[in-house]
Amino acid sequence: MKDVSAAKFTPDPASLHGDNLTGCFPIDTAFVADTGRMLRAVMIFVDFPNARAEDLEGRYGSFDYYYDALAMEGLEFFKKASFGKMHFTIDRVDKWFRMPKNDNEYHMSRVMKAEDHRNYIAEAVRLTEAEVDYRKYDMLYIVPPKSAVNVPFSPTMCARTTSDIVTSYGARVGLAVTVGQDMHWRRGKLLVHETGHMTGMPDYYTYHPEEGETAFAHCGGWDVMGWIEGRAPDFFGYGKWRYGWFDDDQVEVFTGNGSWEHTLTPIETEKGNKLAVIPIDEHSGYVVESRRGIALDAALEDRQGVLIYYVNGYRGSGDGCLTVCPPQPERYRRLDKDDNEELFGIKEGQVAAFADKARGITVTVLASGAFGDTIRITRGDVH
Ligand SMILES: [Zn+2]
């Protein structure tokens, strides 16, 4: 294996104030599960005195409906994104467990307190622990009925070794998603996004956009960890590398001054060179990858070219830890979720070259086709 350690950006602890999810290396398995291992999850179903499963009509009364929408589609997405390298099963317990309070009494609104979230999970674990052996599982999905309208969204708890939710037989439950009603339109991609968190992926959208920014100003419509419903939901290549789905041999790191030509193959496919990384320092740098409207990104249609983004270890999840660099400099940090016009290329109407003049870095697309893209990277005062 070649030495690509300079491309494995680490988080800057001084800037992150204890944020556990970042876009950097390594993935911290104190808080999340390790995708290098076999992952086992369990899906349980809970209903409420005011939203009872026996009152559900049609398909919403069927466990298959919930499992198929979330788990079957989610597992299929991970299979494609990982090229079959993620080993992941989701068991199910086909029984509705009745939560003691009405759904509105758990305070599961969009902005919820961590304590309320923790208490909902603890209650569900308490109800089910006699029938679910939590020692067998890394992750838990808690699914409510369609009628539980006061559980609207689906946040995740990432506290693998630090959670205080422990069963009577000593199993700690630290990774859990409280699924909400957004499952009905986000389906498997919701499960992928939340499981992404439980395995170390950050949010690429921003929680507190600055003046003039949308929540997607940094990530645009790229990656399921940004806009879940976007046109290009496949993981950024850098994330696939963090997960171990690309190996070090598929990454090239460009340090020092010089001029280099390099060919990249699309990150939607398994083989070939995937990432060209241009470090700025140990915590940040540029990543260049090839994207095509194929596989999970089929909705990109005929868009093709290279995507350039800045991985930023000085920022954490939901705070701009990754910024896509658009061909139009005025759109930097002004992207929106349905744009997907950020590819550099040589087709008519595309911009071929990216420049960070202050740092003396350029990336130019020289050739582009079904194979991928050939680029030239220059750095420093090169003529
Ligand atoms: Zn998220």
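Q: Where is F83 placed in this predicted model?
A: The model is predicted, and its helix α2 covers residues 63-82 while strand β2 covers residues 88-98.

Q: Is F83 buried, partly exposed or exposed?
A: A residue needs 20 or more other C-beta atoms within 10 Å to count as buried, and 12 or fewer to count as exposed. F83 has 15 such atoms within 10 Å, so it is partly exposed.

Q: What is the phi of F83?
A: Most residues other than glycine have a negative phi. F83 is not a glycine, and yet its phi is positive, at about 60 degrees.

Q: Which loop holds H107, a residue that also has a positive phi?
A: H107 is not a glycine, although its phi is positive at about 60 degrees. With 14 C-beta neighbours inside 10 Å, H107 counts as partly exposed. Its place is in the loop between β2 and α3 (114-128).

Q: Is V365 buried or exposed?
A: V365 lies in strand β13, which spans residues 361-369. The cut-off for a buried residue is 20 or more other C-beta atoms within 10 Å. V365 has 25 C-beta neighbours inside that distance, and therefore it counts as buried.

Q: How far apart in space are V365 and G345?
A: Among the residues that V365 touches, leaving aside those up to four places away in sequence, are F344, G345 and I346. V365 and G345 are 20 residues apart in sequence, while their C-alpha to C-alpha distance in space is 5.7 Å.

Terms used: Residues numbered from 1 in each chain as written. Predicted model: local features only at pLDDT ≥ 70, side-chain atom pairs only at ≥ 80, totals over all residues. Helix = DSSP H or I, 4+ residues; strand = E, 2+ residues; numbered from the N terminus. Contact = placed C-beta atoms within 7 Å.
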